[in-house]
Amino acid sequence: MKRITKYVCLILSAVVTVLLFGTDTKAYAAQNQEMNLYGIYVNSNEKGDSVLLESKGHYLLMDLGMSSHMPAICQELDRLGVTNIDLYLSHLHVDHVGGSRQDWLYGLKYLYDYGIQIDTLYLPDPVVAPESAGYAQKYEALCNFMDQYMGGRNSMVYLQKGTCFRIGDVMANVIGPDLDFVNSIHPSTYNGKVSEGDIGTEYGDRVPNTYYENNCSLITKFTCGDVSYLTTGDMLRDEADSLVKTLGYELHADIYKMAHHGTATGNTSMLLNYVDPIYSFAQNAGNAYIDAQTGEWRFESSCKVTRATSMPYYIASEKKTIIYHVKNGSIELYKGNTIPTAKKLTGWVGVYGADGTNRQKDFYYIDEDGMPLTGIQEIGNRTYFFNEGGRMGYGNYDKFGNYDPWVVYKNGKKRYFMWSETGNLAYMKTGFSKVRGVLYYFNSEGIKLEGDEDFSLRDIGAYTYGVEPDGEIVTDELRNYENQNYYFQSNGRMAQQQFVELDEGTAYFGVYGTQVFDKMVTRGGKTYYLDESGYMAQDCFLEMNGKEYHFDDDGVMACRKFVRRAGKTYYYGKYGTKVTDQFITLAGKEYYLDEQGVLMRNTMFDVGNSTYYVDANGVLATQKKVKYRGHIYYFGKYSTMVRNKKVRIQGAAYYFGPDGQMYTDMKTTIGKKVYQIDSEGKMKIVK
């Protein structure tokens with residue numbers, strides 16, 4: 001009767017919605033779908049858990065844990081102002097109905113005494129576990145309780161695969177167990193099983209029956225808009241394998257309550273690959289043991305599986321209720337009893353789930369959309385790696401607790417993780433970075449560059465580097481590769497088109513990075529010579545191809561420049577060659593270099609049929625009287641000595657004889673005129 005009434009109500013509700021909102025029903029629903037999931041901290045070391053689902057003021061309490069959990073559960077309901085609930089029991093074990101050794105119905109009675117009304121009791125249909133040794137008696141006890149304390153047994157809804165019901169905006173769809181599966185197993189299937197650390201036994205029941213009933217737990221997916229939540233009771237491996245086989249990717253859910261209190265027995269890798277949740281949680285108390293040193297529950301049995309694919313939250317370890325607030329397709333996380341008073345989990349979030357010995361917490365980064373970041377992420381100028389479940393990657397610890405920052409993946413690739421200043425966050429090395437004094441290159445994803453079998457050259461960005469087989473970037477070293485010399489600087493970059501100071505001298509490396517030998521190189525308008533050994537010629541005179549060059553202390557070739565050597569001055573021209581037997585003009589002044597290239601100074605000399613004079617600076621006399629060895633000479637417009645000629649200088653006339661000497665203190669006939677020449681050489685016509 002209850003089943004029919006429930007479905008009729010749903011149909012009437014849908015009709016009313018259409019009448020109120022017309023054709024915009026889907027749009028309205030999509031914009032206003034909301035669900036809150038409370039993974040309740042039950043404040044007890046006993047195994048058991050309880051989850052509260054709320055949507056639009058409707059509450060579904062899923063399982064009641066043990067009797068010791070009831071005060072915490074009811075206090076949570078009280079904080080939320082809840083007086084009426086629907087109750088969902090995944091299976092009928094004592095640690096899911098709030099029972100005790102003395103009273104299996106303790107939890108339901110506690111709800112009644114606390115003033116909580118159960119409007120609807122959802123529980124497994126008897127066909128779900130037909131071979132159970134104790135379910136028939138428990139069904140009868142539940143019927144009697146509902147008749148005596150609640151709305152009667154008509155308020156009980158029996159669930160099996162294919163059953164659907166609604167809580168506010170949330171549609172619940174029972175997807176397991178598959179009846180073919182439950183009919184294929186029997187308590188005797190588990191003969192020989194013993195009570196293990198993560199498999200509790202029902203009080204008064206045999207271990208095989210407990211295994212059987214766990215594997216007959218209800219599997220229900222709750223959907224609110226685009227977000228889904230999957231709960232699996234105390235499902236063990238057999239039921240998990242059955243779900244994978246029959247449903248595959250239909251198992252996908254965004255939020256997943258780990259099976260069997262968070263143990264690994266039902267949370268198989270295969271199952272989680274299909275569920276592929278964003279978030280998972282478990283009430284991990286009682287599923288393993290308390291660490292003697294930390295006093296905390298150990299959680300690695302389930303953690304190893306769930307943290308690979310999702311962000312797990314272990315309630316007993318965190319000691320706080322977790323709230324998943326779902327609205328219009330987004331998920332927000334809160335840590336605390338109620339959303340207004342709880343701490344919103346966003347940005348960097350640390351949750352229990354590491355190895356429990358060397359590190360207690362794993363770290364995740366929740367973005368503004370409530371999603372854990374995955375893959376390679378830049379956060380605060382540092383690069384982090386998050387696995388597909390969002391867990392921040394870091395190095396490894398050995399059995400002695402020593403940290404190894406290197407992580408080597410199955411494909412041989414390596415990353416290096418460094419701890420932040422707080423010791424909580426592990427960021428990857430990227431770009432060029434030293435490890436124990438050795439330079440390596442890590443790409444933008446933190447993967448270390450590996451070399452070839454032998455030393456090789458690699459282009460990274462705009463530069464070339466020398467890489468050893470183990471990935472070491474060669475620095476401060478001259479290396480020979482394929483019969484060519486290369487130099488790698490302190491930053492690892494190959495020297496190209498630049499000089500490098502080496503122990504043997506200054507070397508130059510060309511456009512392709514190879515060392516230059518026996519060649520002129522021009523850089524910055526200056527020319528240098530690299531000798532046959534590959535080193536710069538400095539403070540020397542060199543003869544090459546019959547021509548002489550000079551290189552100063554800095555190795556710069558003299559060009560258009562005077563150079564003194566052994567008390568003599570030489571001049572090197574435009575192309576750096578020494579000038580010989582040649583007149584040169586510099587800055588309007590003329591000079592002469594003899595056959596050896598020596599600059600003539602303070603002397604007269606003949607070139608061809610002409611005589612010239614240079615002063616102490618080597619400058620040729622031009623249109624100028626010069627006193628040389630007691631005699632005065634005159635050098636004309638073209639710097640040649642004047643002979644047998646009268647010359648007017650500053651208005652006065654002078655005469656220079658056949659040897660170029662100026663006449664002084666005499667009377668002489670020049671042409672048809674007679675001149676009187678005074679002691680200064682000035683001429684005056686006398687006849």
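Two strands count as paired when DSSP finds at least two bridges between them. Keep that in mind as we walk through this structure, which is a predicted model.

Let's start with a hairpin. Strand β28, covering residues 456–460, pairs with strand β29, residues 463–467, in the antiparallel sense, and 5 bridges link them. Within this pairing, R458 has Y465 of β29 standing opposite. The hairpin leaves 2 residues between its strands, and G461 takes a positive phi there, near 65 degrees.

Now turn to the interior. In soluble globular proteins, nonpolar side chains tend to be buried together. Here, the largest nonpolar core holds 88 residues, and the members that touch the most others are I118, L142 and Y324. Helix α5 (residues 135–149) gives this core its largest share, 6 residues. Another core lies apart from it, with 19 residues including M235, L243, A259 and V305.

Setting aside neighbours within four places in sequence, L142 is in contact with L89, L92, W104, L105, L108, L121, L123 and M156.

One of those partners, L108, brings us to a pair of helices: L108, K109 and Y112 in α4 meet L142, F145 and Y149 in α5. The residues of this contact are 5 nonpolar and 1 charged, with no polar ones. How do the two helices lie against each other? Helix α4 (residues 106–114) packs with α5 at an angle of about 10 degrees, and their axes are 11 Å apart. Angles under 35 degrees count as roughly parallel, so α4 and α5 are roughly parallel to each other.

Definitions and conventions: Residues are numbered from 1 along each chain as its sequence is written. This is a predicted model: local features need pLDDT of at least 70, side-chain atom pairs count only at pLDDT 80 or more; totals for chains, interfaces and linings use all residues. Side-chain values use heavy atoms; hydrogens and water are left out. A nonpolar core is a set of buried Ala, Val, Leu, Ile, Met, Phe, Trp, Tyr and Cys residues joined through side-chain atoms within 4.5 Å. Buried means under 20% relative accessible area, exposed over 50%, partly exposed in between (1.4 Å probe, protein chains only). Helices (H or I, at least four residues) and strands (E, at least two) are DSSP runs, numbered from the N terminus. Contact means heavy atoms within 4.5 Å. Axes are lines fitted to C-alpha atoms, for helices over the stretch in contact, and angles run from 0 to 180 degrees between N-to-C directions. Angles under 35 degrees count as roughly parallel, over 145 as roughly antiparallel, 65 to 115 as roughly perpendicular and the rest as oblique. Ala, Val, Leu, Ile, Met, Phe, Trp, Tyr, Cys and Pro count as nonpolar, Asp, Glu, Lys and Arg as charged, and the others, Gly among them, as polar.
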